[in-house]
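Subject: Structure for your review

Dear colleague,

Please find below the sequence and structure that I would like to hand over to you. My account of what was found follows directly after it.

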Amino acid sequence: ADMSVEFFGWEVQYDDDQHLAAEQEPKAGRLYTMYHGTSVSQARNIIAGGFRQSPDGMLGPGVYVSRNPRKAERYPLQAPATDKVVLKLRVDTGRVKRIDTDNHPLQKTWHSHGYDTAWVPPNCGMKAVPSGLEEDCVWDPSKVEVIDVTRAPDANTQAELKGLIAQQQKGKRAAAAGADSCRLCKRRADSAHPVERCWGCGKSICTYMPRHQC
C-alpha cells in the first residue's frame with residue numbers, strides 16, 4: 001500500500017504556571033500562582049525593586065504569600081480598604097516543608113534544614129492562623145515575581161500599578177534578549193543546543209524548539 005506522510009514535526013505545550021487548590025501541597029521545581037496583600041506605596045516599591053524578606057513572622061524570615069486571594073485581601077491587617085492592594089505572583093516554591101501544628105519543631109528553622117518554603121495548609125487547627133486560610137513563607141525573595149494586580153483601591157491606582165508591572169516585564173525581556181540564546185529556538189542557552197536536520201523538510205532544527213512544522 002502507498003502511504004504518504006504530510007506532516008513532520010512536533011508541538012510542545014509548557015505548563016509552568018500551576019493553580020493549586022488550597023489543600024494541595026506544592027511540588028518542588030514548579031511555579032505556582034499566589035497572592036500578596038500590601039499597601040499602595042509598598043506595592044509600588046515591590047514592583048520596582050522586588051520583594052524583601054520579612055525579618056520575622058509566624059514562620060520566621062521570608063516572603064509571606066498565599067494561593068488563596070481571600071487571605072491576601074486581609075492584609076495589611078490594620079489598613080483601610082483605600083490602601084489595600086493584592087498582587088498576583090508567580091512563585092518558585094522549591095523544596096516545601098509542611099507546618100501544620102502549633103510550636104512545630106521546624107516552625108521557624110525550616111530553611112536551615114534544607115527547605116525553601118514553609119507551607120501552612122488550610123484549616124489545620126493552628127491557633128496562630130485563626131482564619132484557617134492557607135499560607136506560605138518563601139525564603140528567597142527572588143523566587144517571587146509580581147505578574148499582575150487583582151485588587152486596588154480604585155481604577156486609576158490599578159492602572160498605574162499594572163503599568164509599572166508592564167515596564168518591569170519589558171525590561172526583563174530586553175535583558176533576556178541580550179543574553180546568549182540559541183539562534184533556532186530563541187531560548188537562553190548556557191551551552192550549545194543540539195542541532196539536527198529535519199528528515200521531512202531538510203531544515204536545521206533545535207531539539208528544544210517548542211514547535212516545528214514542515
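Predicted model: local features only at pLDDT ≥ 70, side-chain atom pairs only at ≥ 80, totals over all residues.

Strand 6 and strand 7 pair in the parallel sense, and three bridges join them.

Which residues cover the two faces of strand 7? In a regular strand, side chains point in turn to one face of the sheet and then to the other. In strand 7, Thr117 and Trp119 lie on one side, Ala118 and Val120 lie on the other, and all four are buried.

The next point concerns aromatic rings. A search of the whole structure gives one aromatic pair. Trp110 and Trp139 form this pair, which is edge-to-face, with 6.2 Å from centre to centre and 90° between the planes. Trp110 belongs to the loop between strand 6 (96-98) and strand 7 (117-120), and Trp139 to the loop between strand 8 (135-138) and strand 9 (144-151), so the pair ties together parts that are 29 residues apart in sequence. Are the two residues buried or exposed? Trp110 has a relative accessibility of 1% and therefore counts as buried, whereas Trp139, at 28%, is partly exposed.

Another ring has a charged neighbour: Arg95 lies over the face of Tyr115, 4.1 Å from the ring centre.

The largest pocket has a volume of about 460 Å³. It is lined by 24 residues, of which His36, Gly37, Thr38, Phe51 and Tyr64 are the closest to its centre. At least two lining residues come from each of strand 3 (31-38), helix 1 (40-49), strand 4 (63-65) and helix 2 (69-72). By class, the lining has ten nonpolar, eleven polar and three charged residues.

The second largest pocket holds about 200 Å³ of space. Its lining has 15 residues, and the closest to its centre are Ile46, Ile47, Gly50, Val146 and Lys172. Helix 1, strand 9 and helix 3 (155-178) each supply at least two residues of this lining. Its residues divide into eight nonpolar, five polar and two charged.

Yours sincerely,
A colleague

Note on methods: Residues numbered from 1 in each chain as written. Heavy atoms only, no water. Phe/Tyr/Trp six-rings, centres within 6.5 Å; stacked < 30°, edge-to-face > 60°. Buried < 20%, exposed > 50% of the residue type's maximum accessible area, 1.4 Å probe, protein only. Lys NZ or Arg CZ within 6 Å of the ring centre and 35° of its normal. Pairing = 2+ DSSP bridges. 1 Å grid on protein atoms, 1.4 Å probe; cavity = no way out; pocket = protein on both sides within 12 Å on 5 of 7 lines; lining within 4 Å. Points joined across faces, edges and corners; volume = space filled by probe spheres on them. Nonpolar A, V, L, I, M, F, W, Y, C, P; charged D, E, K, R; others polar.
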